[in-house]
Amino acid sequence: MKQIWPENADLDEQQLEHLYAYPETRRWLAVNYVSSADGAVEVGGRARELSNPADQKVLKLGSDLADVLLVGATTAMVEEFRGVHPDEATLERRRRHGLRDVPPTAVVTTGRSLPSDAPVIAAAATPTIVITCAAAPVKKQKAWEEAGAELLVVGEDSVDLAAAIEALADRDLRRIDCEGGPHLFGGLLAAGVVDELRLTISPLLVSGTHERIATGVSLEPVDLSLASVLAEDGAMLVRYLVRNQPVGR
């Protein structure tokens with residue numbers, strides 16, 4: 001994979017790993033997204049149709065080096081998300097960095113779109129953390145727990161995402177790899193907890209009436225700084241850092 005900014009260089013696996021590593025001194029939330037060149041975030045209802053080997057490479061790096069994966073319930077269901085099932089390369093990388101073998105998945109839901117037998121719970125290699133609010137039906141909360149999930153209740157009528165991120169950090173799950181969807185990304189931006197955007201621009205044109213990568217409540221534009229730009233097989237992989245975040249969270 002070639003880095004074209006900040007300098008023109010071919011990067012090996014070790015250099016890529018260093019580029020996509022999380023800071024060790026503080027909590028860090030990186031959001032991963034893939035879009036077409038004209039801004040579509042899905043084809044036929046799924047983001048994976050926009051993905052490519054370059055995107056999969058950096059997506060795997062993000063999850064391999066994370067303490068926890070964060071995903072919205074609708075995205076988890078549509079993408080049939082099953083959490084991380086590590087291969088030998090992932091295990092070697094995680095052990096080398098002092099991480100547990102399997103990072104848990106934290107799935108955000110108000111209760112409507114996450115059945116207790118969802119693959120993200122039932123097929124996970126380690127107990128999934130269900131992040132929900134007090135308004136979620138008690139029957140549903142019990143069903144998640146009976147299916148093996150850990151419950152994290154933050155907020156009354158809706159999920160308090162800022163509190164959720166702090167609660168994950170309190171569990172020593174500080175390196176957070178968010179894999180969508182748009183409403184969760186928008187909510188995280190509104191909560192002021194996003195540190196980094198890792199965006200793959202796929203060399204496809206899709207057109208249509210697709211959502212943007214972040215949706216939800218309106219907010220003041222968030223200022224970004226460019227961290228790196230990679231290219232491979234026509235795909236552009238861009239890292240942006242969110243400016244003006246408090247230091248030492």
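**Close-up views of a predicted model**

**View 1. Strand β3 beside strand β9.** Opposite Val 34 stands Thr 200, a residue of β9. The model shown here and in the other views is predicted. Strand β3 covers residues 28-36 and runs parallel to β9, with seven bridges joining the two. Strands in a sheet pair through backbone hydrogen bonds, in either a parallel or an antiparallel manner.

**View 2. The open sheet of eleven strands.** The strand order is β2-β1-β10-β11-β9-β3-β8-β4-β5-β6-β7, and the pairing is mixed. The edges are β2 (9-10) and β7 (150-153); each has a single partner strand, so one side of each lacks a neighbour in the sheet.

**View 3. The second largest pocket.** This pocket has a volume of about 340 Å³. Its lining is made up of 18 residues, and those nearest the centre are Phe 185, Leu 189, Ile 213, Ala 214 and Leu 219. Helix α8 (182-191) and strand β9 (196-202) each contribute at least two residues to the lining. The largest share, three residues, is from α8. Sorted by class, the lining holds twelve nonpolar, three polar and three charged residues.

**View 4. Helix α2, residues 53-64.** At 1.5 Å a residue, the twelve residues of α2 should span 16 Å, and this agrees with the end C-alpha atoms, which are 16 Å apart. The buried residues of α2 are Ala 54, Asp 55, Val 58, Leu 61, Gly 62, Ser 63 and Asp 64. An α-helix has 3.6 residues a turn, so residues three or four places apart point the same way.

Terms used
Residues numbered from 1 in each chain as written. Predicted model: local features only at pLDDT ≥ 70, side-chain atom pairs only at ≥ 80, totals over all residues. Heavy atoms only, no water. 1 Å grid on protein atoms, 1.4 Å probe; cavity = no way out; pocket = protein on both sides within 12 Å on 5 of 7 lines; lining within 4 Å. Points joined across faces, edges and corners; volume = space filled by probe spheres on them. Helix = DSSP H or I, 4+ residues; strand = E, 2+ residues; numbered from the N terminus. Nonpolar A, V, L, I, M, F, W, Y, C, P; charged D, E, K, R; others polar. Expected span 1.5 Å × (residues − 1). Buried < 20%, exposed > 50% of the residue type's maximum accessible area, 1.4 Å probe, protein only. Pairing = 2+ DSSP bridges.
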